[in-house]
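Please open the model in a viewer and keep the sequence at hand.

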Amino acid sequence: EELGLDVEQARPLIRFRHAYPDRLIDLDVWKVERFTGEPRGLEGQALDWVQASELDGSRLLPADRPIVTALTLGSLYAVTGPHADRAEFSRRLLHVIKRGAGLIQLRVPGAGADELAALAGIAVGQCHPAGVRLIINGDPDVVCPLALRCGADGIHVPARYRDKLTALTPDARCGLLGMSCHDAKEIAQAQQLGADYAVLGPVRSTASHPGEPGLGWERFATQIRHAAIPVFAIGGMAPDMLVQAWQQGAQGIAAIRALWD
């Protein structure tokens, strides 16, 4: 009604509340995937077409920044899994990229510093030419310097390292910051610590945690209801669950086995 467009296909992108000094704004943002008409400012607005990657959050209102992040993160967040050697790691990573992951997390539990650096170099070399962003998982004291050295796009911090982020000043940031969360309280903490996105789960029971029930979609939706950052669903996820994840308010799905295998 403000742009003179007829929307033919759209889906939820992100919904959150932003508090200004004098008002509380509820932003319900949808991604328009197909429309007819020629955009024009029916209320005198200035218009400009730009790539999502070119949107500059610093020139937008504070409430717009989570929207820019949601537009650029993508919906498939792949986490690296087991591999026999670097050659197999490289093959599996290429497979994940071809499946359409827009964000890939390098997660190698127990890897030494040299091995993690070597795998990060391989991953950056394969991800960036394909337009995929690479995030390194681990202790921020270790992975933040590594991300800066190898040119990765950010870090992902497990819950056990959350307290270390209080010492991470804005000048010491190393790109995107993601955090693992288990409930709404931890998501709120992630926001306070400056996280750009969160991963919440497990939504469903997983092979790695047999016998442990997941949150379920209804509880997942409740936990992220007031999140002012994009939140991925993790735990028993598969690409065919994307539409359901969007309907529950998720940015998308994060997965190891469903994408890595």
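A salt bridge is here a side-chain nitrogen of Lys or Arg within 4 Å of a carboxyl oxygen of Asp or Glu. With that in mind, please note that the structure on display is a predicted model.

**First stop: strands S1 and S2**

Select Glu8 and Arg34, whose side chains meet in a salt bridge with an N to O distance of 3.2 Å. This pair links distant parts of the chain, for Glu8 belongs to strand S1 (residues 6-20) and Arg34 to strand S2 (residues 23-36), 26 residues apart. Glu8 is partly exposed at a relative accessible area of 44%, and Arg34 is partly exposed at 42%.

Next, select Arg11 together with Glu33. The closest N and O atoms of this salt bridge are 3.5 Å apart. Arg11 lies in strand S1 and Glu33 in strand S2, so the pair ties together parts that are 22 residues apart in sequence. Are these two residues buried or partly exposed? Arg11 has a relative accessibility of 8% and therefore counts as buried, whereas Glu33 is partly exposed, with a relative accessible area of 40%.

**Second stop: the barrel**

Now display the strands from S3 to S10. Eight strands form a closed barrel in the order S3-S4-S5-S6-S7-S8-S9-S10, with parallel pairing. On average, neighbouring strands of this sheet are turned by 25 degrees against each other, direction ignored.

To see where strands S3 and S10 meet, select residues 76-79 for S3 and residues 252-255 for S10; the two pair in the parallel sense over three bridges. Which residue of S10 is the bridge partner of Leu76? The partner is Ile253. In general, the strands of a sheet pair through backbone hydrogen bonds, either parallel or antiparallel.

Select residues 113-127, which make up helix H3. This helix packs on the sheet, where it touches strand S4 (103-106) and strand S5 (133-137). The direction of helix H3 makes about 165 degrees with that of strand S5.

Move on to Arg162 and Glu186, which form a salt bridge with 3.3 Å between the closest N and O atoms. Arg162 is found in the loop between strand S6 (154-157) and strand S7 (176-181), while Glu186 is in helix H5 (residues 184-192); the pair thus links distant parts of the chain, 24 residues apart. Residues under 20% relative accessible area count as buried. Arg162, at 10%, is therefore buried, and Glu186, at 16%, counts as buried as well.

**Last stop: the whole chain**

Finally, return to a view of the entire model. The protein chain has eight helices and ten strands. Its radius of gyration is 19 Å, close to the 18 Å that the globule rule gives for 261 residues, so the chain is as compact as a globular protein of that length. Along its principal axes, the C-alpha trace spans about 60 × 40 × 35 Å.

How many salt bridges does the structure hold? There are eleven. Of the 261 residues of the protein chain, 41% count as buried. The accessible surface of the protein chain amounts to about 14,000 Å², and carbon and sulfur atoms account for 50% of it. Among contacts with a separation of 6 or more, 57% are between residues 24 or more positions apart.

Key:
Residues numbered from 1 in each chain as written. Predicted model: local features only at pLDDT ≥ 70, side-chain atom pairs only at ≥ 80, totals over all residues. Heavy atoms only, no water. Pairing = 2+ DSSP bridges. Helix = DSSP H or I, 4+ residues; strand = E, 2+ residues; numbered from the N terminus. Axes fitted to C-alpha atoms, helices over the stretch in contact; angles between N-to-C directions. Contact = heavy atoms within 4.5 Å. Rg over C-alpha atoms; globule rule 2.2 N^0.38 Å. Buried < 20%, exposed > 50% of the residue type's maximum accessible area, 1.4 Å probe, protein only. Areas by Shrake-Rupley, 256 points an atom, 1.4 Å probe, with all protein chains shown as cover.
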